[in-house]
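Below is a walk through one protein chain, taken region by region. Please keep the sequence and the coordinates open while reading.

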Amino acid sequence: MGKKANKITSWIFSLGLGLIPMMTLGASSQAAEKIYFIYSPLMESLKIDSLKSFAATGNVPLDLKFYLDIVGADTEERQLLQTALTRKIEIDPVLLARSLKTDEGERLLESFGQVVNIRGGRNGKYALRGAIIKSAFEENGLTLLNVLDNLGVDVQVDLEQLFGFAENVSTILAGTERFIEEVEQLAKQEAKFAAVADYGQRPDLRKMGIFAVEMETWQLADQKRDRQFYAQIYRPQKPLGEKVPVILISHGLASAPEKHRNLAQHLASYGFVVVVPQHPGSDLAYLEEFAVGYQRQVSDLQEFVNRPLDISFTLDELERRNDTEFGGRLDLENVGIYGHSYGGYTALAVAGAFPTPNFEQLNEDCAAEWGIFNNALLLQCRALQLSPESYNFRDQRIQAVIAANPVNASIFGEAALGQIEIPIAVVAGSYDPATPFIFEQVRSFPWIRSEQKYLILEEGQAHVDISRLDLGITGLLDRIPRLNLPSPQLLNDYSEAIALAFFQVYTAKDDQYRTYLDPAYGQYLSQNEEFKTFMITQDSLPELETAIAEFKQENQIDIN
């Protein structure tokens, strides 16, 4: 096994096992004494006491030495393991217990339990969950050693299976880097052949437009669905023209309309009316109800259906109010939509992805070996609990779509995404752990058959604004060495400028902005920046498909 794989394997043991043995409050009070490592035809045991001794002194007992020699751990990696054994993870134990009993938590535990078994070969998910939760409630807190002490039963780990796990991690990381470089090179190649444009002499789309913006909140009630929600409306004062273009924004899971205030104000300052509806079964308020025990899941299962219907109902409401509140000037036949994450799913559904869900694709991906590495599947696989019917949420009023970090590849698949014919831009982040670039954007972008499509990659973008994270996550990030992140303002500049250009061209029908929808504009925005943005168009699709085919041929992980 190569050194790179060894490092990843050691990382999994030192950090991953600190998380793997983390998942019924009714766990046995008896402590586990040994972990058994199977490396066919050998089975070697590791005493928990040996790990305690190593954590306290740094001296390596013989049984631990055998294990460390197998994984090829060097001095630095042994030190990392020693530190990881007693490092305390600060987390609300009640919230942790609830999270591990959600559908997503059960799926995650099921996957890890295939590697960490109860001795004899049974899936270890219940022992893992019980040990994690019990440890989190204890005075010493959630540490690897405390989890191991609370396992209640001896467990066994198949090293060959775990090595395969590590090799898959290595392949995915290498593949992600490969496709980042591929998109970068394709963007540069397209920019070489672009018409010369001096962006420095053109309007700077990163700056606010000429219109003052006012915001109001509507309380909406869909009687047919017995569903109440609010929508924030951003409107420019004294917009120009006979028709006023309209943009809808769909927020992500555990988010809210307020989270998109900056983008909404930016677009409205250029003459758009921007409407941001709440999705009440998957928003921040629902998450807060989950956190205090009022809900059993992080989101309501029916949100896969209700979210697209929220968009259509909001458009219906705009039509009802158009004459009285907007003088009949809203252009509701050419509406644009921007969706982030779960909102990306929502936007793609109303843009024409059909069938929704694609149960055939979803069943295949949720059973795939690589599925554990795609966090977006934790949400998508819940859709398998829906009644097995094909929903068609296409709303013909939607005529342009931006899907940012979308949850999409498995719940739609090639068959559904291939139905989208309107102009589309897909935005991805190179640091995104929630909807990984390699699985959720690289994989699905070629499936979209629209002739006007763009893939935008933002370096360092991690799905959400890291600066706003709480629940102790920012403190955890501070402890990660050499972690460098772009400023939120830079990423906002990239997103707002390109979104504005896209909607000006395809929603407001203003062709003078088309020059901004060129890979050369991404280069201009990125000049002198450490973290850059890259744009490719339909023209680069053959090269991207070739790179995907080569990756599939070289590796056992099928991303397409």
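**A covered helix and its surroundings**

Helix α20, residues 519-526, is mostly covered, with six of its eight residues buried. This is a predicted model, and the values below are computed from it. The buried residues of α20 are Pro519, Ala520, Tyr521, Gly522, Leu525 and Ser526. Among the elements that cover them are α9, α19 and β14 (533-537). At the start of α20, the backbone nitrogen of Ala520 has a side-chain oxygen of Asp518 within 2.9 Å. Just after the other end of α20, Asn528 takes a positive phi of about 70°.

Is Lys509 buried or exposed? Its relative accessible area is 52%, so Lys509 counts as exposed, the cut-off for that class being over 50%.

A further positive phi belongs to Asn405, near 45°, in the loop between β11 and α16 (409-417). Here the relative accessible area is 1%, so Asn405 is buried. As background, most residues other than glycine have a negative phi, and most peptide bonds are trans.

Two peptide bonds in the model are cis. One joins Phe354 and Pro355, with omega about 5°. The other runs from Thr356 to Pro357, with omega near -10°. Pro355 lies in the loop between α13 (342-351) and α14, and Pro357 is found in the loop between α13 and α14 as well.

A disulfide is a covalent bond between the sulfur atoms of two cysteines. The count for this model comes to one disulfide, and it joins Cys366 to Cys381 with an S to S distance of 1.9 Å. The torsion about the S-S bond of Cys366 and Cys381 is about -110°, which means that the disulfide is left-handed. Cys366 sits in helix α14 (residues 359-366), while Cys381 is in the loop between α15 (376-380) and β11 (398-404); the two are 15 residues apart, and the pair links distant parts of the chain. Both Cys366 and Cys381 are buried.

The next topic is the nonpolar interior. In soluble globular proteins, nonpolar side chains tend to be buried together. In this model the largest nonpolar core has 120 residues, and those with the most contacts inside it are Phe179, Leu248, Phe304, Leu318 and Phe412. Helix α9 (residues 159-192) provides the largest share of this core, eleven residues. A second, separate core has 44 residues, including Tyr199, Tyr338, Ile402 and Ala499.

What does Leu248 touch, leaving aside residues up to four places away in sequence? Its contacts are Val275, Ile311, Thr314, Leu315, Leu318, Val335, Gly336, Ile337 and Tyr338. Leu318 in this list is one of the residues with the most contacts inside the largest core, whereas Tyr338 is included in the second core.

Tyr338, Ile402, Val427, Ile456, Glu458, Tyr494, Ser495, Ile498 and Ala499 line the second largest cavity, whose volume is about 60 Å³. Each of β13 (453-458) and α19 (488-506) supplies at least two residues of this lining. The most comes from α19, with four residues. Helix α19 is also among the elements that cover the buried residues of α20.

Two single residues complete the tour. Phe551 is in helix α21 (residues 541-554) and has a relative accessible area of 3%, so it is buried. Phe551 and Arg178 are 373 residues apart in sequence, yet their C-alpha atoms are 9.1 Å apart in space.

Arg235 is placed in strand β7 (residues 227-236). Why does Arg235 count as buried? Its relative accessibility is 14%, and the class requires under 20%. The side chain of Arg235 makes a polar contact of 2.7 Å with the side chain of Glu216. Not counting residues up to four places away in sequence, Arg235 touches Ala212, Val213, Glu214, Glu216, Trp218, Val273, Glu325 and Phe326.

Terms used
Residues numbered from 1 in each chain as written. Predicted model: local features only at pLDDT ≥ 70, side-chain atom pairs only at ≥ 80, totals over all residues. Heavy atoms only, no water. Core = buried A, V, L, I, M, F, W, Y, C linked by side-chain atoms within 4.5 Å. Buried < 20%, exposed > 50% of the residue type's maximum accessible area, 1.4 Å probe, protein only. Contact = heavy atoms within 4.5 Å. Polar contact = N/O pair within 3.5 Å; in protein donor to acceptor, adjacent residues only side chain to side chain. Disulfide = S-S within 2.5 Å. 1 Å grid on protein atoms, 1.4 Å probe; cavity = no way out; pocket = protein on both sides within 12 Å on 5 of 7 lines; lining within 4 Å. Points joined across faces, edges and corners; volume = space filled by probe spheres on them.
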